[in-house]
Amino acid sequence: MSALSVLVLAAGQGTRMKSALPKVLHPICGRPLLEHVLTAVRGLKPEGTAVVVGVGRDQVCATLEKRGWNELAFAVQKEQRGSGHAVLVARSWLKRRQGTLLVVYGDTPLLTTATLAALVKEHKRSGNAATFLAMDVKDPTGYGRMILDVDDAVERIVEHKDATPDERRVTLVNTGVACWDLKKLLQVLPKLRPNNAKHEYYLTDAAALLRQIGGRVGVLRAQDSGETQGINNRVELAQAETVFRQKICERWMREGVTIVDPATTYIEASVELAPDVTVYPGTVIRGKSRIAAFSELGPYSVIDDAIVEEGAKVGPFARLRPGAVIGPHAHVGNFVEIKKTRLGAGAKANHLTYLGDAEVGPRANIGAGTITCNYDGFTKSQTIIEADAFIGSNTNLVAPVRVGHGAIVGAGSTITKDVPADALVVERARPILKEKWAYEFRKKQQTKKRTV
Ligand code: UD1
Ligand code: CA
């Protein structure tokens with residue numbers, strides 16, 4: 001049978017993360033660990049995928065649903081009694097399926113579809129009862145050791161805590177990823193016993209049990225041991241983040257994006273960039289940001305769920321928040337924050353500005369220190385700046401308000417009423433000017449000081 005189903009184990013506590021957040025929801029490059037695993041799994045196009053949830057299960061399910069994972073089945077493991085027990089709680093789902101079951105742990109986010117596919121292929125080719133993905137590591141501490149027979153088949157798997165000193169010297173370890181003949185797995189699962197250091201039902205014990213009923217258990221050695229690294233604490237979380245971030249940068253560089261310093265560039269997995277974009281150091285691009293060709297981002301800019309159109313310049317030190325759309329060849333300069341605002345083609349906001357809930361027409365010039373006052377504490381209001389308008393420096397635009405096409409707003413104005421097209425408006429107090437006043441004032445003060 002060639003049918004493939006996938007079971008992802010994600011019920012564990014993640015004690016070593018020391019976190020209120022379930023381990024599998026910790027993000028790397030903006031996506032929960034579990035979602036990385038599910039994305040790799042989805043590439044296999046399995047007939048069904050189920051997730052075993054336990055600790056924080058409501059939060060895990062709700063997060064997956066919110067992020068668009070609607071076709072998953074869930075099995076609940078109320079008490080965490082081991083990876084074998086986790087598979088057992090899904091048995092009614094498993095009984096409705098046939099062929100091959102791929103089991104993956106939810107804390108191995110760097111796994112790729114290609115590696116999983118290679119394991120499935122090897123499993124099917126060999127006719128094994130089970131095939132484990134193993135890896136050779138320098139320091140096997142903590143991992144299950146693969147004990148092989150002379151024919152390179154798995155005799156059994158010994159967990160670190162249960163291993164003898166000799167067994168601990170084995171450097172070929174279990175990655176946690178394995179393919180199983182579903183029918184045979186269901187046959188041996190009830191025979192698992194928690195006779196081990198952790199008093200848990202180990203899925204890995206099913207290997208020896210399969211052998212007892214005459215099934216062969218094989219291994220496939222992983223090409224890249226970094227890919228199968230499990231995340232158990234925040235040090236490993238940061239290491240995985242670095243690896244994944246580097247992979248994302250490399251992917252975009254190969255697609256034609258110039259990334260001046262990949263080590264300080266943070267591009268989330270969900271971002272899309274066109275060829276001939278240039279990204280300068282210290283730039284963070286998040287969410288569903290879309291960046292068009294010939295635009296330049298950074299240095300030191302944050303772009304979150306924003307759209308940057310062709311040839312636009314953003315930065316240095318700019319912040320684009322969700323809903324910002326920077327039109328073709330528009331410029332956003334230092335200390336400018338833009339939220340839910342469209343900046344028209346060729347428009348400029350080069351210094352110290354906040355534009356929120358606004359619509360800025362083509363070629364408009366937004367002077368330094370322009371602020372859209374879009375929020376009165378209760379509601380958000382719109383500011384409209386039409387094409388070719390010129391907003392002088394240090395202007396407050398009290399929304400809702402509209403500045404007409406080609407109008408000029410004098411520096412230092414607080415605009416509370418609509419400005420017609422091509423008009424000049426200056427809303428600032430008339431100057432009070434007293435000739436020599438300062439001179440007289442200083443003289444008087446100095447005489448006073450001397451007489452004291
Ligand atoms: C496990 C393997 C070990 C392997 C290592 C690879 C077992 C017994 N050991 O050890 O051979 O080298 O992974 O990283 O499987 N889980 C549940 N319910 C439970 C217990 C665990 O869903 O009751 C899930 C966890 O959420 C996790 C996975 O199973 O995703 C593995 O559990 P973990 O406790 O991390 O196992 P390791 O000690 O790392
Ligand atoms: Ca683990």
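**Notes on the predicted model**

1. Tyr300 has a relative accessible area of 48%, so this residue counts as partly exposed. The model is a predicted one. Tyr300 sits in the loop between β18 (296-297) and β19 (302-304). Together with Phe317, Phe335 and Leu352, Tyr300 makes a nonpolar surface patch of about 450 Å². Why can Tyr300 be part of a patch? A patch residue needs over 30% relative accessible area and no salt bridge. At 48%, Tyr300 is over that area cut-off.

2. Next, the ligand site. Ligand 1 is surrounded by 22 residues. The closest are Gln77, Ser83, Tyr105, Glu159 and Asn174. Backbone atoms also reach the ligand's oxygen atoms. A polar backbone atom of Gly82 lies 2.8 Å from an oxygen atom of ligand 1. For Arg81 the distance from a polar backbone atom to a ligand oxygen is 3.2 Å. For Gly106 it is 3.4 Å, again from a polar backbone atom to an oxygen atom of ligand 1. On its own, ligand 1 has 750 Å² of accessible area, and the protein covers 90% of this.

3. Is Gln77 buried or exposed? Its relative accessible area is 3%, under the 20% cut-off, so Gln77 is buried. That value counts protein chains only as cover. The Gln77 side chain also makes a polar contact with the side chain of His85, at 2.9 Å.

4. Now helix α1, residues 33-42. How many of its 10 residues are buried? Eight are, so the helix is largely enclosed by the rest of the structure. The buried set is Leu33, Leu34, Glu35, His36, Val37, Leu38, Ala40 and Val41. Glu35 and His36 are included in that set.

5. Glu35 leads on to the salt bridges. The model has 16 of them by the rule used. Glu35 has 6% relative accessibility, so it counts as buried. Arg31 forms a salt bridge with Glu35, with the closest N and O atoms 3.6 Å apart. Both Arg31 and Glu35 are buried. Glu35 also meets Arg67 in a salt bridge, at 2.3 Å from N to O. This pair links distant parts of the chain, 32 residues apart: Glu35 is in helix α1, while Arg67 is in the loop between α2 (57-66) and β5. Arg67 is partly exposed, since its relative accessibility is 36%.

6. Another salt bridge joins Asp166 and Arg169, the closest N and O atoms being 2.4 Å apart. Are these two residues buried or exposed? Asp166 has 55% relative accessibility, so it counts as exposed. Arg169, at 60%, is exposed too. As for shared partners, Arg31, Glu35 and Arg67 are joined by salt bridges into one network.

7. Last, the cysteines. How many disulfides does the model contain? The count is zero. A disulfide would need two cysteine sulfur atoms within 2.5 Å. Cys179 is buried, because its relative accessible area is 0%. Cys373 has 27% relative accessibility, so it counts as partly exposed.

How values were computed:
Residues numbered from 1 in each chain as written. Chains lettered and ligands numbered in written order. Predicted model: local features only at pLDDT ≥ 70, side-chain atom pairs only at ≥ 80, totals over all residues. Heavy atoms only, no water. Patch = residues over 30% accessible without salt bridge, like charges linked within 9 Å, V, L, I, M, F, W, Y side chains within 5 Å. Areas by Shrake-Rupley, 256 points an atom, 1.4 Å probe, with all protein chains shown as cover. Salt bridge = Lys/Arg side-chain N within 4 Å of Asp/Glu carboxyl O. Helix = DSSP H or I, 4+ residues; strand = E, 2+ residues; numbered from the N terminus. Buried < 20%, exposed > 50% of the residue type's maximum accessible area, 1.4 Å probe, protein only. Near = heavy atom within 4 Å. Polar contact = N/O pair within 3.5 Å; in protein donor to acceptor, adjacent residues only side chain to side chain.
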